[in-house]
Amino acid sequence: MTSSNHLPTTPTLTTRLPAVGTTVFTRMSQLATQAGAVNLGQGFPDFGCERSLLSAVNDAMQADFNQYPMMSGAPVLRQAIVAKIAALYGHQYHVDSEITVTAGATQALTTAIFCCVHPGDEVIVIEPVYDSYVPAITLAGGVPVSVEMEVGAAGYTVPWAKVAAAVTSKTRLIIINTPHNPTSTVLRAADLQALADIVRGTDVLILSDEVYEHMVYDGHQHESVSRYPELAARAFVVSSFGKTYHVTGWKIGYVAAPAALTAEFRKVHQYNVFSVNTPMQHGIASYMADPAPYLELPGFYQRKRDLFRDGLKNSRFELLPADGTYFQCVRYDKISSQTEAEFAEWLTTEIKVAAIPVSAFYQQGKESGIVRFCFAKKDETLTLALERLGKI
């Protein structure tokens, strides 16, 4: 029996992520729930996927695809991924040695960082930056090196000359994200050429986060790193079925990479998650036989983007370009002088519409007077939010 003078105690744990707390997405979603606000903060749809996708997963369960799949992913799904990339981007990955199915894109990104970044290695990230990158670099013992995007009336752009200047003999990896969360920027062919010029003749690797690959608007095409052999030869390319098929809670993605990089990726992957939900892999593979759902996705989301932008064009918000993703960034300097976090909280509690402060995507919390809305919502959800925002 434990003496009352010697109560059980929990040993002190030294954190490996001292700068990390609860994510802004969780905080703003909780605040939205408490305030009864329309949640345009966290990036997930409030509508369901096609019923045929659910049927395909159910069929896979009934067919007894319920045990561990291959560590690299169900062959039928890897083959569907290879076929899609070849059809869209003209690059032929090897189904057995260059495609790995992952437990969502975040696991793919983190595993890619862990497999190639060693203590002291530098990793260039472009800010504003998705919140999982820097913690993963830190856990790997790497050193994040930030290059800030430039923002003006024409929106955000990557200053490639500054990226080039940030490369040193210690640079191991450059992480890019296109279409870009949170800015909705889409890299064009000239951007990919600039990146190729930077890494040519070096041993620098590329991690390309392309989870919004099927959300590019106004007739433009997604410039996947897979399109460019010089880049693809040194790149991990990540995508997400959750984003593409409106099933973010399924947490299934994949990484495509040359065989030598994939071999190292799988060394970490097998001890991280080992494998991914079997019936969902088979269901998605069956569903991918019809390319229409992802080929028609740009039109689907562009209509929502246009609905949201039209509803704000006469408001006091200044709309920044939204060329891809399902996010819309706006300036609010004609409305308030509050910090971005303060303004986002005010919107949520007083106007009853939740947004995300873009400052949360900078390591040092840079203030630009910009917040991000998510328009991956039902039309009636967007209409209600616009009614409220239009009263400001």
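## Working through the fold

Valine 24 touches Ile356, Pro357 and Ala360, where a contact is a pair of heavy atoms within 4.5 Å and residues up to four places away in sequence are left out. This is a predicted model, in which local features need pLDDT of at least 70, side-chain atom pairs count only at pLDDT 80 or more, and totals for chains, interfaces and linings use all residues. Residues are numbered from 1 along each chain as its sequence is written, and side-chain values use heavy atoms, with hydrogens and water left out.

### Exercise 1: Valine 24

Work out where valine 24 sits and whether it is buried or exposed.

*Solution.* Start with the element: valine 24 belongs to helix H1. Helices (H or I, at least four residues) and strands (E, at least two) are DSSP runs numbered from the N terminus. Next, check the accessibility: valine 24 counts as buried because its relative accessible area is 10%. The scale is under 20% for buried, over 50% for exposed and partly exposed in between, with a 1.4 Å probe and protein chains only. Finally, look along the chain: phenylalanine 361 is 337 residues away from valine 24, yet their C-alpha atoms are separated by 9.3 Å.

### Exercise 2: The largest pocket

Find how much space the largest pocket holds and which residues lie nearest its centre.

*Solution.* The rule comes first. On a 1 Å grid over the protein atoms alone, a pocket is an open set of points with protein on both sides within 12 Å along at least five of seven lines, while a cavity is a set where a 1.4 Å probe fits but cannot get out; lining residues have an atom within 4 Å of a point. Points are joined across faces, edges and corners, and the volume is the space filled by probe spheres set on them.

Now the numbers: the largest pocket holds about 780 Å³. Its lining has 33 residues, with Ala19, Val20, Asp131, Pro135 and Ala360 nearest the centre. Ala360 is also one of the residues that valine 24 touches. Helices H1 (24-35), H4 (105-116), H5 (133-139) and H14 (340-351) each give at least two residues to this lining.

Last, sort by type: 20 lining residues are nonpolar, ten polar and three charged. Here Ala, Val, Leu, Ile, Met, Phe, Trp, Tyr, Cys and Pro are nonpolar, Asp, Glu, Lys and Arg are charged, and the others, Gly among them, are polar.

### Exercise 3: The seven-stranded sheet

Give the strand order of the seven-stranded sheet and say which strands are its edges.

*Solution.* This open sheet runs E2-E10-E9-E8-E7-E3-E4, with mixed pairing. Its edges are E2 (99-102) and E4 (143-148), each pairing on one side only. Ignoring direction, neighbouring strands are turned by 20° against each other on average.

Zoom in on E2: it pairs with E10 in the antiparallel sense over four bridges, and isoleucine 99 stands opposite alanine 256. Both faces of E2 are covered, as Ile99 and Val101 on one side and Thr100 and Thr102 on the other are all buried.

### Exercise 4: Helix H11

Explain why H11 is largely enclosed and name elements that cover it.

*Solution.* Count first: nine of the ten residues of H11 (residues 278-287) are buried, so the rest of the structure largely encloses this helix. Among those buried are Thr278, His282 and Tyr287.

Key: Two strands pair if DSSP finds at least two bridges between them. Axes are lines fitted to C-alpha atoms, for helices over the stretch in contact, and angles run from 0 to 180 degrees between N-to-C directions.
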